[in-house]
2 protein chains.
Amino acid sequence: MTGNQLQQGETDRLSQILEAESIAVVGASKEPSKRGHQTLVDLESSGYDGEIYPVNPKYDTQIRGHEVYPSVEAIPDKVDLAFVATPAHIVPSVLEDCGAAGVAGAVVIAAGFSEVGEDGLEERVLETARNHGVRLVGPNIQGIANFHTGMNLLGGYDLPKGNLALLSQSGNVALEFGSHAAGLPEVGFSVNVGIGNETDLQFHEYLPYLDQAAHTDAIVLYVDGMSDGRRFLREARKRVADTPIVAVKGGVTEAGQKSAASHTGSLAGEGAVVDAAYRQAGVVRAERSDEAVQIANALGKLPAARGENVAILTDGGGNATLGADAIVDAGLELPELTRETRERLRELVPDAPNLSNPVDIMGLQGEGDLSIFYECAKTIVSDPNVDSLLLTGAFGAYETYGPGDDTSDQEPDVARDIASLTEAYDVPIAVHCIYGTQGSPALTAFEEAGVPTYGSIDTAVSSLEKLVEYGTHLTSSDQKSTFRHDRSTGGRHSENVLQRKGEETGTLSEFHSRRLLADSGIGSVQFELATTPGEAIDLASAFDGPVAMKVSSPDIVHKTDAGVVALNVEGDDDVKAAYDRLVTSANAYDPNADVEGVLVTPMVEEGTEFIVGVVDDDEVGPTLMFGVGGVFVEVLDDVAFRALPVTEYDAECLLDEIDGQSFLDGARGTPGVDRDALVDLLLRISDLVEQYPEISELDLNPVFAYEDGTAIVDASITLRDTEE
Amino acid sequence: MTGNQLQQGETDRLSQILEAESIAVVGASKEPSKRGHQTLVDLESSGYDGEIYPVNPKYDTQIRGHEVYPSVEAIPDKVDLAFVATPAHIVPSVLEDCGAAGVAGAVVIAAGFSEVGEDGLEERVLETARNHGVRLVGPNIQGIANFHTGMNLLGGYDLPKGNLALLSQSGNVALEFGSHAAGLPEVGFSVNVGIGNETDLQFHEYLPYLDQAAHTDAIVLYVDGMSDGRRFLREARKRVADTPIVAVKGGVTEAGQKSAASHTGSLAGEGAVVDAAYRQAGVVRAERSDEAVQIANALGKLPAARGENVAILTDGGGNATLGADAIVDAGLELPELTRETRERLRELVPDAPNLSNPVDIMGLQGEGDLSIFYECAKTIVSDPNVDSLLLTGAFGAYETYGPGDDTSDQEPDVARDIASLTEAYDVPIAVHCIYGTQGSPALTAFEEAGVPTYGSIDTAVSSLEKLVEYGTHLTSSDQKSTFRHDRSTGGRHSENVLQRKGEETGTLSEFHSRRLLADSGIGSVQFELATTPGEAIDLASAFDGPVAMKVSSPDIVHKTDAGVVALNVEGDDDVKAAYDRLVTSANAYDPNADVEGVLVTPMVEEGTEFIVGVVDDDEVGPTLMFGVGGVFVEVLDDVAFRALPVTEYDAECLLDEIDGQSFLDGARGTPGVDRDALVDLLLRISDLVEQYPEISELDLNPVFAYEDGTAIVDASITLRDTEE
């Protein structure tokens, strides 16, 4: 089979699980308080019209009108899915039974596996599932559900039906998202899948299925920590153009990471790294869990924004002001409207308080004809300066909450007219209504017509911000997948260097780090290793001017702390004295250190200091880091990340993302640095890590950048523990 | 009358307005769509039981059963309040009428004043009100309401009744806050006052009344821009201990400021300055408008937090993880629990997934007895390491949304038991429930018993964060009001210096800036003014070592740009050459500049560079700034603010608040700087501005700080335009 066929096979398998036409409930019970009973109640009350087969060797009669079978294998008909409500230690034998019956998947809700240190049991469960051809959902989950088929396996809870798919490592968070959606008209879920410990089925495996599934406009994730974040990011990148993905990431702080580990046994990556990797793959992160559902709703319903220019239309000055503040805080722009737009608005609402952006037509709805909102909105979205529109204020609440009861029921019609503008002008519109948390027929009309509504102006603006981020990803996604070099032809020139790592540190000496770099064409500074004072004198005299001398040892990583660095050394006597002093210091610092000799390099001209590094993130894997270096490292902590490998676009983003742009552009009259050379260095480091996957960490700090070119001043490469 | 008597008089006047027992509705109308009719409907339907007098010279009959009077003066009985629904240009004559009738206050809703450039009309309205002894609420407002007396003057809208007072410069935002409260049990408003343009009654004037009013536990503000922010901050500082104040600030960005100006004609201050001034006065800022009501509810109901240690109790791992992340992101701590606490929890819930903090008892509620939540909560809040508790997860939702229907109605009782812990242990408790947006009897029980509930874990944590900030203010408020020096005895030694400001710039030359500082004992560096090359030579030789020479001119502010600075000058020839060159440069840079001469100072040793400044904020007034100086100013933009005058505590906060603590503590083995000397400098600058209120700006950049002492390297003082 080809890879595509294999994937299609797995996608079909997931259809069989998530659109199961027959379910065995293993551990079925007559006891109403038991999950094995509740599940039968739930399937009935949710209107599931597939076949239901209770399984329990202890019962020989019926439960709730269904015949009970002693085993899954004893069921005479085909079974798509087994719902396993038994205790953890029974699960392996249940999976054997499922395998014998040809069941596609088993949903295991029990906790008590790796998250509490029972790794052996979890491994046994996985092995049994694999050996018997059963895919495993869970364990340690609330359950799963398909709200369009009525397959509710959530244990007495329910979520509103709609077009968002929900994958969650927390049952509580999934229920909360359901509760958030319940307060909004026309927002709900297609499926809800508990991800749990990712023992078998992992996050990324659901994406191809969901991308082609009916009823799924966008995907919402709650992630404690992914066991294979790299594969998820690769898969997500392929899918987000058709099916946007919104992720809430738990464990972005150390305290959160500890909590996640005790919950699903997950290793959460560094918050900043995961955030950057999501952005790189086009996955939208909801920083606040209370905004996730509304952001996903917006991404599922609206076109992506073409750019960052937001116009505000309002009937209240306070909303205009808070909206303008929120838009600017989100890094978006409030553009000037064109003269034509302003003139047209002046004709429409001659007495409006404000016709620049924000457009404030306060008081003008008093005339009673709410269609003025449509006329103004249409005028604004047809302005070429406008990429999206925030409608904020009382519109949507006039007829339901306003004065009088003799108004016509005009508001929902106007809402539908306004909603039609998103398609006609390809401009996303978000509606914040001051009664948005309470709902109205007009707000329902908006949502039905594909325009999201909000009771919070902050969340409305967050949604627009994410539509801009998503739009930027879509327009740049080609550049995020085209690599400068052919990834397959990377040669390995330095096999022998890789043997030289320190036993304790796993680190190569600076000499061998530089050799590995040089063999891949990285680094312009000459370097040589002297193993005697005489060699050092010869090498130093071969370079122009003074030299830098550093002890080269895989065991001494912090060279300055160890006192094994000498700068600006010149003259044979000084070189010899420095050599002796450095080696003495090294021996004093660590008598057991393997001292290869003393690295001799020419002193290089001072440049603007940057740091280039590779870190091995628990979730994202090898990740490139770029930032402001030297003394500023500690003060600024100004670094950006991209998952490896990176494209030229990614490398440019790394430069663009640091706060200290003045270091790149040149401050106080100094010239800017050679951005192309930095981008080239980043790409070469990316290639290096592709060629040598055993590199787990790399640290070039500082890299001097000049008006022309760069120089690596210090280099350290750490290799992966081979036992891993 | 004493000041206190005067204030009591004004407080009584505000009682008369906000608890009016009789209201004249000026501009009363028979037309249902008119505000002068709607108001009569609103008063009836809100159950107002005071007297209602419609006023309209055009009607001689009754409206809705009330006799109509041709003028307010024609009403035979005492009238407390006039509600004025007439167009803007009629308002002055209505106010004359109100004055003649002895009315305490008039609520003017009409727009069309300073916010649209009609300053003349607004001034005339104010003058009329003052001349006739009528206090003015508005203009340009939605209205006002007292929900406990049924006095609804909001034009067909309503807000839920409760214990929060609401002062708003936006009618829409006030209604939105009402809508946010409507979704919460036991949350609502005592009064709602439209602040509008602050033509007469300003924000600060309501605080003494609200502080003593019944039914007000906390105050919520929406602020576009205060016309007298200084008085508000002074008044707020006196009130917040009894009545917490939560402010939503509009106009914290440039775009928002422009919008605010077109809305209420307000000048909004700099976001960072206003934020710092609120914090200094103990006013809690809600950064997101969608959190304001819930934060105010928490501050009104709960005790302040003693410290920043938060414990989490949950029944779901995802909630634990998101809660831990949010707590750390908010700058709070998740402390270790004591061994005793952990042992006691282990007895209570032996199989809990996690008994460190977060405490996760997932699955244990399955036994059916929810009182385990109370037992665990009690154990946790009695831990001396715990200052507040976040209960997060499904508690509050078990009986309403969970499986089965045979549970007892135990949850509200357990909620009341948990709520009782806040008082018993003086520890605030916030409850996040995954169904918190939808409500339940248990959540209502919490709110009734004084514990706020949340549908968003982010907002729950924001509320705890603000309870910590508020608690910190309360414990430090003494230190915020004790000044080192007696404010009344500041002498003015430099009257003549004040005459020397530049005509265009308003700025004093460096020489005169330094004289003003020196006369107040500020600055240790010697300085002299040379007006000839010969004087420069004499002065330079009188100092030890090389000197710095700078042209001193009130017209040349950017001395480096103008090329009128020479450093490290030594020797008579070099001093003479420098003098001539600098004066030539000054004349070339600005031929009309008043060049006083050349300032000569000894070169001072380089130190860690800081900036000390005074800015004149549109809302807060004179504000002290402290931050990282020198080359870091542009890169870091790391400054902190405090409204002047500052106490020693405030000055220490300025040092504590900058991000670049490593500059103060010393980085990379360098010694830390003399914090006491910096605090002393800040206090002296504060005193200087008290003594010379004509100082509008002051800029000491850089100030060198040493292990011992400081040196001012450059100084510039700008005076207020005297025509202001």
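How many salt bridges does the rule find across the interface of chain A and chain B? Two. A salt bridge here is a side-chain nitrogen of Lys or Arg within 4 Å of a carboxyl oxygen of Asp or Glu.

Ground rules, quickly. This is a predicted model, where local features need pLDDT of at least 70, side-chain atom pairs count only at pLDDT 80 or more, and totals for chains, interfaces and linings use all residues. Residues are numbered from 1 along each chain as its sequence is written, chains are lettered from A in the order in which they are written, and side-chain values use heavy atoms, with hydrogens and water left out.

Back to the interface. One salt bridge there joins Arg288(B) to Glu291(A), with the closest N and O atoms 2.8 Å apart. In total, 77 residues of chain A contact 77 residues of chain B; contact means heavy atoms within 4.5 Å. The area buried between the chains is about 5,600 Å², and carbon and sulfur atoms give 52% of that. Buried area is the accessible area (1.4 Å probe) that two parts lose on being put together, summed over both.

Now salt bridges elsewhere. Over all chains, the search finds 66. Take Asp714(A) and Lys559(A), at 3.2 Å, N to O. Asp714(A) sits in the loop between β28 (710-712) and β29 (715-719), and Lys559(A) in helix α20 (residues 559-562), so the pair ties together parts of chain A that are 155 residues apart in sequence. Helices (H or I, at least four residues) and strands (E, at least two) are DSSP runs, numbered from the N terminus. Lys559(A) is buried at 9% relative accessible area, while Asp714(A) is partly exposed at 22%. The cut-offs: buried is under 20%, exposed is over 50%, partly exposed is in between (1.4 Å probe, protein chains only).

Next, chain B. Glu287(B) pairs with Lys466(B), closest N and O atoms 3.0 Å apart. Glu287(B) is in the loop between β14 (284-285) and α10 (292-301), Lys466(B) in helix α17 (residues 457-476), and 179 residues separate them. Lys466(B) counts as buried, at 1% relative accessibility. Glu287(B) is partly exposed, at 43%.

There is also a network. Salt bridges link Glu10(A), Arg130(A), Arg135(A), Asp200(A) and Glu205(A).

Last stop: Ser190(B). Is this residue buried or exposed? Buried, at 3% relative accessibility. Ser190(B) lies in strand β11 (residues 189-194) of chain B. Leaving aside neighbours within four places in sequence, its contacts include His148(B), Asn163(B) and His215(B).
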